[in-house]
Amino acid sequence: MKRKSKAFIAAFLSVCLIATTVLVSTGNAFAGDANVGELAVTSAQGYEGDTVKVTVSYNNNQGTAGFEFRMYYDPDVLELVKTTLSEDVFIEDVVILGDKNANEKMTNFVSYAVAMAKDNKKSGELYTVEFKIKDGAAIGNTELKITDLVPSNFNGDLITVNSKNSYVKVLCKHADTEEVVKEAVTCTKDGVTEVKCKKCGELIDTKTVKSTGHKFGEYEVVTEATCSKDGLKRRTCSVCNEVEEVKIPATGKHTAVTEITKKATCTTAGEKVTKCSVCDKVLSTEEIPATGHKFGEYKVVTEATCSKDGLKRRTCSVCNEVEEVKIPATGKHTAVTEITKKATCTTAGEKVTKCSVCDKVLSTEEIPATGHKFGEYEVVTEATCSKDGLKRRTCSVCNEVEEVKIPATGKHTAVTEITKKATCTTAGEKVTKCSVCDKVLSTEEIPATGHKYSDYVIKKDATETEDGILERTCTVCGETEKVTIPKLESLKTEVKDEKAENPLASQYTKGEDITFTAIGIGMDNVNPQAGDMRYVPAKWSINPSGEWTSAPYTATFAVANAGDYELKVVYNREVYKDGKWVADGVTITSKTAITIAEKAETPDNVNNGNTNNDSTTPSGDASTDNNASVSTGDTSIYVMIMAVIMMMASAAVIVEKSRKAVK
C-alpha cells in the first residue's frame with residue numbers, strides 16, 4: 001500500500017509540473033483571483049556560531065492537494081542543522097528534503113513537496129529549519145528565498161500562492177573597536193570622538209573630549225626687571241600659537257653679581273666680592289676657603305703578592321702633589337694546575353696544583369684511567385641459519401681490537417621459484433626454499449588462470465529457418481567458444497493495443513483513434529552480458545507512418561476508410577559489446593492485420609460528419625512532424641490537460657480503493 005501511495009504522489013507531482021510548464025508557455029493567467037494564498041518565512045538573527053530557527057508557514061490556503069517549492073540559502077553563511085516537519089497543514093504523504101541525512105548534495109536549499117487525494121484548506125506551519133551561523137560569516141542579512149513554487153488543487157488546476165522571502169541577520173559582537181576623531185579638540189573648544197566596530201562599521205558610542213586648555217611653554221624673558229625698572233616675559237601655546245605676555249615687576253632689590261678677586265689654591269684661601277650689576281654697589285666681601293688637593297684614582301706601582309707588600313700612588317690634578325700608599329701582602333696563594341702524567345685507556349694519570357707566585361705545591365690528584373672508546377661493531381662474517389658469524393670493534397685511542405661471536409640465526413631465508421607455470425586449464429606449482437642451505441620450505445599449487453576470451457564475433461547471422469553463430473576466442477591458448485543465435489522465427493515481437501492489452505486483432509471503425517505499443521524482444525534486459533541481443537522498435541507504417549528515437553514506443557493513428565490493413569513495425573537488432581548496445585545493421589519487421597469497419601449511421605453523424613474521407617489522420621507521439629508546436633489561440637493543449645487530469649483522478653480513485661481493500 002505504501003509503495004502505491006508513493007507512486008500516486010510521484011504521478012500527481014509530475015502532472016502538476018507538466019501542467020505548470022504548459023500553462024506558463026501558453027500565457028494562461030491563473031493569478032487573476034483576488035483570494036490568493038501566501039507562503040511566508042520567518043526571520044531570525046544571531047551571532048557567529050549561534051543556532052537559529054526559521055519557520056515556513058502556508059497562510060490563506062484556498063484549497064491545495066499538490067504542493068512543491070524550494071527555500072534557498074547561502075551555504076557560505078549558514079549551515080543546515082536539521083528540519084522539523086509540522087503537522088498543522090499537511091499530515092499524510094509529505095515529502096521534505098534538506099536534512100543533513102537526506103542527501104549530502106543538497107547544500108544550499110531545503111525542498112518541500114506534498115501530494116494528497118483531496119483538497120486541503122488548512123493554514124499554518126509547514127516545517128521549521130535550524131541553521132548554524134558559520135564562523136567568519138559576513139555581517140548583515142543573508143536571504144532565505146523561496147523559488148520553484150508549484151501549488152495545485154485536486155482537479156489539477158494551478159492555484160496562485162504568493163511567496164514572501166525572509167532573511168537571517170548575522171549580528172556583530174563588536175569585539176574589535178576603534179576610536180575615530182569626528183571633531184578635533186582645541187585649546188578652548190571640546191572635541192567629539194566616535195567609537196566604531198572595525199568589522200561592521202557600526203557606531204557604538206560617542207565621547208566628548210574636554211578642551212585641553214592652552215599648553216604654554218616656559219616663559220621667555222624679553223626684558224629683565226631691574227632693581228628700579230619693570231621687565232617683560234612672554235610664553236607661547238604649542239597648539240594654537242597664542243602668545244601671553246606678563247610684566248616682571250621692578251625687584252626693588254639689587255641684582256647681585258659675584259666676582260672672584262683672589263683665587264683659592266689647594267692650601268691657601270682666596271676672596272670674592274658681591275655687588276649690584278645695575279648700580280655697581282658692593283654688597284659683600286667673602287673669603288674663599290682653600291680647595292684642598294683633588295687626587296685622582298690610585299695607580300698600582302708594585303702588585304702585592306702572597307708574601308710581599310705592594311705600592312700604589314695618586315696625584316693631585318691641581319698642584320701635582322704625589323701621595324703614595326703601601327699595599328699589604330695578600331697571604332693567599334694563586335693556584336694553578338698542571339698534568340704531570342696523562343691517563344690512558346687502562347692506567348691512571350696525575351695532576352699537581354701549586355702557587356704560581358711562590359711555586360709551593362698545594363695538592364696532588366690521581367686522574368682515573370679513561371677506559372676504551374670503542375667504535376661501532378663491524379661484521380666480519382655474517383651469521384647464517386646454521387653457522388655463527390663474527391663482529392669486531394676497535395678503540396679509537398689505543399687501537400685495541402675486541403671481537404664478538406654472532407650466534408647462528410636459526411631462521412631460513414625464504415625465496416620462491418615457479419617450477420611449473422599455470423595455464424588456462426591446468427594448475428601450476430611454486431616452491432619456497434632457503435637461499436642459504438637450499439632446504440625446501442613449502443610447495444604451493446598455482447590455480448589455473450581460466451580462459452581470457454575476446455568479445456563475441458558474429459560468424460553467421462540467424463535467419464527465419466536457421467540458427468546463427470556467435471564465436472569468441474581465448475587470447476592465451478586460442479580455444480574457441482561458440483554460442484547459438486536463435487532463429488528469427490523464434491524472436492516474435494508483440495504489438496499490443498494500449499486499451500485492451502491484447503494483440504491488435506479486433507475490429508475498429510473508421511476515424512477511431514487506435515493506440516498501440518511496440519515491445520521488442522530483449523528490451524527488458526537490465527543486466528546485459530557481452531554477446532546479448534535485443535530488438536529496438538524503430539519505425540511503423542500503415543498509412544500514416546512514424547518513427548521512434550527513444551521510449552516509450554507508443555503511437556496513435558486513425559484510418560478514414562473502411563477495409564483490411566496491415567500494421568508493420570520495423571525493429572533494429574543491437575548487440576551488447578564493450579559495455580554498450582551497438583546496432584549490427586540487421587532489421588526485422590512484424591506485421592499485424594487490422595480490420596476497419598464503417599461507422600453505424602446516426603442522426604448526429606449524418607448532419608455533422610466529416611466529408612473528407614480520402615486520407616488517414618495520425619496523432620500521438622509518433623506523428624510524422626515531431627516538432628509541431630501549439631499556436632496562439634490553439635485550445636488542443638487544454639484538451640490534453642483535461643485528459644491528463646481525468647486520468648489522474650481515475651488513478652486516485654483506484655489507489656483509494658486499493659487502500660480501503662488493504663485496510
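**Aromatic pairs and nonpolar cores**

Phenylalanine 516 is buried, its relative accessible area being 0% (buried means under 20%, exposed over 50% and partly exposed in between, with a 1.4 Å probe and protein chains only). The model is a predicted one, so local features need pLDDT of at least 70 and side-chain atom pairs count only at pLDDT 80 or more, while totals for chains, interfaces and linings use all residues. Residues are numbered from 1 along each chain as its sequence is written, and side-chain values use heavy atoms, with hydrogens and water left out.

Rings of Phe, Tyr and Trp (its six-membered ring) pair if their centres lie within 6.5 Å, with planes under 30 degrees apart called stacked, over 60 edge-to-face and the rest tilted. That rule gives 14 aromatic pairs. One of them joins phenylalanine 516 and tryptophan 548: the ring centres are 6.1 Å apart and the planes sit at 75°, so this pair is edge-to-face. It ties together distant parts of the chain, 32 residues apart, with phenylalanine 516 in strand 38 (514-519) and tryptophan 548 in the loop between strand 40 (545-547) and strand 41 (554-557); strands (E, at least two residues) are DSSP runs numbered from the N terminus. Tryptophan 548 is buried too, at 9% relative accessible area.

Elsewhere, Tyr58, Phe67, Phe69, Tyr112 and Tyr127 are linked by ring pairs into a cluster. Some of these names come back in the largest nonpolar core, which has 32 residues; Leu39, Tyr58, Phe69, Leu126, Tyr127, Phe131 and Leu144 touch the most other members. (A nonpolar core is a set of buried Ala, Val, Leu, Ile, Met, Phe, Trp, Tyr and Cys residues joined through side-chain atoms within 4.5 Å.) Elements giving two or more residues include strand 1 (37-41), strand 3 (51-59) and strand 4 (64-72), but strand 8 gives the most, with five. A second, separate core holds 19 residues, including Phe516, Trp540, Ile542 and Tyr571.

Neighbours within four places in sequence aside, leucine 126 is in contact (heavy atoms within 4.5 Å) with Leu39, Tyr58, Phe69, Ser86 and Tyr112, among others. Serine 86 lies in the loop between strand 5 and strand 6 (94-97) and is buried, at 13% relative accessible area. Its side chain reaches the backbone oxygen of glutamate 125 at 3.1 Å.

Methods: Helices (H or I, at least four residues) and strands (E, at least two) are DSSP runs, numbered from the N terminus. A polar contact is a pair of N or O atoms within 3.5 Å; within protein, one must be able to donate a hydrogen and the other to accept it, and residues adjacent in sequence count only if both atoms are side-chain atoms.
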